[in-house]
Every structure is written in C-alpha cells, then in structure tokens.
Amino acid sequence: MTSLVDVLDRIPAEGRIIAGAQCGGPTSLLREVAQRSSGRGWLLCTGLLLDDGGVYEAVRSGELNLSTWHVTGGCRDLVEEGLVDYLPVRASQLEKLIAAWDVDAAIVRVTPPDSDGWCSLGPSAGYASTAIKSARLCIGEVDETLPRTCGQTSVHASAFDALVASTTPTPMYSASLADHVNTVIARHVVALLPNRPVLQLGIGAVPEAIVGVLVDERVDGLRFVGMGTDAMVDLFECGLLDDRRPAIESPDLMGTQKLLRFAHENSVVGVFPSSVAHSPRLLARHERLVSVNSAIEIDLSGQVNSEVVGGRQVSGIGGSLDFVEAATVSVGGMRIVALPSTTRDGSHSRIVPLLGSNAAVTIPRAMVDVVVTEHGVARLAGKTIRQRAEALIEVAAPQHRRALGEAMCRPVRT
C-alpha cells in the first residue's frame, strides 16, 4: 500500500481529478485532496457525494475547484454563489464525456484484490471504470468492508498506479421516512402497475414509499433497474422478486449496510456501468418497464422540472430522462411522475400554470403518461393541452384548483 500523501503529490498542478461517488465515494482520498489542494489549482469532477470529506470547505476557501453533475444539499449554496460549476448531463452520456476529457487522475473506492488480483468497485460502477481507463494516474482506496458485487464491477489491481488503505467508513445513504401523503401517492402508483413489472424508482420519499407499498400489497414477479435501495432487500426476503438473475440491475446501490451486505457476492444484484445500466437502448429490451420519477413541479401542459427551485439548482438530471426514454420504447412500458400536490407547508402548488423562465424542463411534456398526487391519477397520454390541464387540476390540492383553472382559461405561452 502507498501512503495517501505520497500518491497525491503525483497529481500535477491544475490537474483534473475524477472521483467516484455515492456509496463508492473515496472519502479518505477526498479528505487528502481537500487538505492538500492549496496552491495546486486542482479541478475535482464528481457526482453525488454522501460524504464530501471537507471538499466543500476547500472550495469555499478558494483552494479547490469543483464541477459536479449532481447537486446535493452540501453544495447548493456553492453552486448558487458561482463557486461550483454544475454540469447538466444525462447519466447515459457521462462515460462518453469523461472519455473525451483530459483526465489527470481518477480516485475510486474498491475492495481488496482477490487471489487473482481482481478488485471490485462494489456498490457504484456508474462511471468509475471509464474514469480509470481515461486517467493518467489511477488511485484505488481499498475498503476492507466494501461488498464484492456481481455484474460488471471487476477491475484488476494492475489497472491502478497505487492502492491506498481507506481510513474512513463506507459512505451510506439513509432513506427518507414515508409520511401519510407519500404513502397515499405510492398506493396510487402501485395500483397502476402491470403484472410482473420492471420498475425504475428515482431518489426521494415518494419512490422509496412505493417499495414499502409493494411489500404491503405482496406484489410479486418484480424486477428493478436504476438505483438499488435498502427496501429492495425486504422484497427479496418476502419472495417478491423475479427468479431471473439479476433481479436488481443497478449503476449505484444507495443504502446502508443492510443493502451492502445483501449485495456481497449475491447474483440477485448486478451492478453495471452507466453504458449498460443507463442505456435507453438496452433498458428498452425489458417489457413492461415502468419509470417512476418525482419532481419539484409540473406545469399544466405536463412539463416536468426536477432540478430547480426558484432559480436555484438543487439536484441534477441523473438518469431520469434515460429511463423515461427506455420506458417509451419498452413493450407495455409506462412513464409516471409522482409528487405531492403542494409544498410541505401547503402554501404553494407543485402543479403550476407554466414553468418559469428560471426553471428547467427535465422531462418534456411528450414523455409523461401519468401524473400521480395524493389526490389521484391524471392520465396525460393522448390528451390535448386543454385536456391535460383539466386532468392535472383534478389532482391538484383543492385550495389551488380555482387559481389553476383561471390560469388555464388565459392564453398560455408555449
């Protein structure tokens, strides 16, 4: 093993560093990058960091440059202040983008090598393999507790210029607790599902509540693509997953030790790079693929904003549009957007007349079949703009329906 300090000295000044993310974030290396970045002009490029290791503090002090394609709570202020650059990119295109970059270093979290010298990327394979192949210097942070996953996560130790021992715990993701509203929405969604669906569920309280309802309703023959979560372990233990392997095909496992222990050398779970796990062409081969994504807001024509609140970038595109595109082509596929009808305090409707000029259209209106709130189901497929608006008003919060109806009667800019 090489020391953390020695290996980072091999990254050139003004070098571009690609870092793994999610539960595969190399937190020990990130901490050293943050601590040793002063005067080096490094640019760190990464996705969702569950533990930034002090990176955000180094960015705020001006010692480190950061570009991200997944804005999270810890860096939203930095993005708004112009201290972090946000890169809008679909997950399916990220590997192609990284391969075209001039990459000086890649840092990823891996398992120890096995007897034949093979490491595993464990819970997060999205873009890590491409980063390793593209970088001049490859550093693996070896985590003794990281699961060795099935799928396409193997990287030979010879691909690394250095392996360093991890000194920090594996990053974890704890699911949001479902409240009454999220559970009602989840029940509406589950009622729409075909027999033996292949499901893609995004991040958030509503998608995570759906898995709980699937357990309660004993929906069987399930398969999943996209993010893997703790709750999917419960589905397996209840005998509700499809017998084919893998039943869970994921670019990233987002959970706690419950999920990571379950995934260790378990063929039920397959972890794949984004070129596979986010590929609309490959995903569309699944029949009855149902994409379920949440949103910040949706307008009366069906345009979906999942990224921006009041002009402030709070999330990223991720794989949402990739899964929606796949469901569009899938035989028997369905594209669902599920969200509470109002903001948490009930003061603002999340169904709006028209997305504002500072909003982002994450999912176009032509790619939404169904919108679900706690007040019911609005079917948009095959409907005119006026019919869509009428259907969406019906599932808006009662206190906001009149204002939405009045807005619908006014000429709308499209």
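I began with the second largest cavity, for which I noted a volume of about 40 Å³. I keep in mind throughout that this is a predicted model. Around the second largest cavity I listed Leu201, Gly202, Pro207, Glu208, Val211, Met227, Thr229 and Met232 as the lining, and when I sorted these by class I had five nonpolar, two polar and one charged residues. Which helix gives the most to this lining? I found that helix 8, residues 205–217, does so, with three residues.

I then went back to the search of the whole structure, which finds three cavities of 30 Å³ or more. The largest cavity holds about 80 Å³ of space, and of the 13 residues that line it, I wrote down Gly20, Ala21, Gly24, Ser124 and Ala128 as the closest to its centre. The lining of the largest cavity divides into six nonpolar, five polar and two charged residues.

Next I looked up threonine 168, which I located in the loop between strand 10 (162–165) and helix 7 (180–192). Is threonine 168 buried or exposed? I recorded it as buried, because its relative accessibility is 8% and the cut-off for buried is under 20%. I also followed its side chain, which makes a polar contact of 2.8 Å with the side chain of serine 28 and another, of 3.3 Å, with the side chain of arginine 109. Setting aside neighbours within four places in sequence, I listed Thr27, Ser28, Arg31, Arg109 and Glu141 as the residues in contact with threonine 168.

Last, I checked the domain annotations in the UniProt record, an unreviewed entry, which lists "Acetyl-CoA hydrolase/transferase N-terminal" at residues 73–158. Over residues 73–158 I have the chain as 26% helix and 27% strand, with the end C-alpha atoms 36 Å apart. The annotation "Acetyl-CoA hydrolase/transferase C-terminal", also from the unreviewed UniProt entry, covers residues 255–407.

Terms used: Residues are numbered from 1 along each chain as its sequence is written. This is a predicted model: local features need pLDDT of at least 70, side-chain atom pairs count only at pLDDT 80 or more; totals for chains, interfaces and linings use all residues. Side-chain values use heavy atoms; hydrogens and water are left out. UniProt positions are given in the numbering used here, feature names are shortened, and annotations may be inferred rather than shown by experiment. Helices (H or I, at least four residues) and strands (E, at least two) are DSSP runs, numbered from the N terminus. On a 1 Å grid over the protein atoms alone, a cavity is a set of points where a 1.4 Å probe fits but cannot get out, and a pocket is an open set with protein on both sides within 12 Å along at least five of seven lines; lining residues have an atom within 4 Å of a point. Grid points are joined across faces, edges and corners, and a volume is the space filled by probe spheres set on the points. Ala, Val, Leu, Ile, Met, Phe, Trp, Tyr, Cys and Pro count as nonpolar, Asp, Glu, Lys and Arg as charged, and the others, Gly among them, as polar. Buried means under 20% relative accessible area, exposed over 50%, partly exposed in between (1.4 Å probe, protein chains only). A polar contact is a pair of N or O atoms within 3.5 Å; within protein, one must be able to donate a hydrogen and the other to accept it, and residues adjacent in sequence count only if both atoms are side-chain atoms. Contact means heavy atoms within 4.5 Å.
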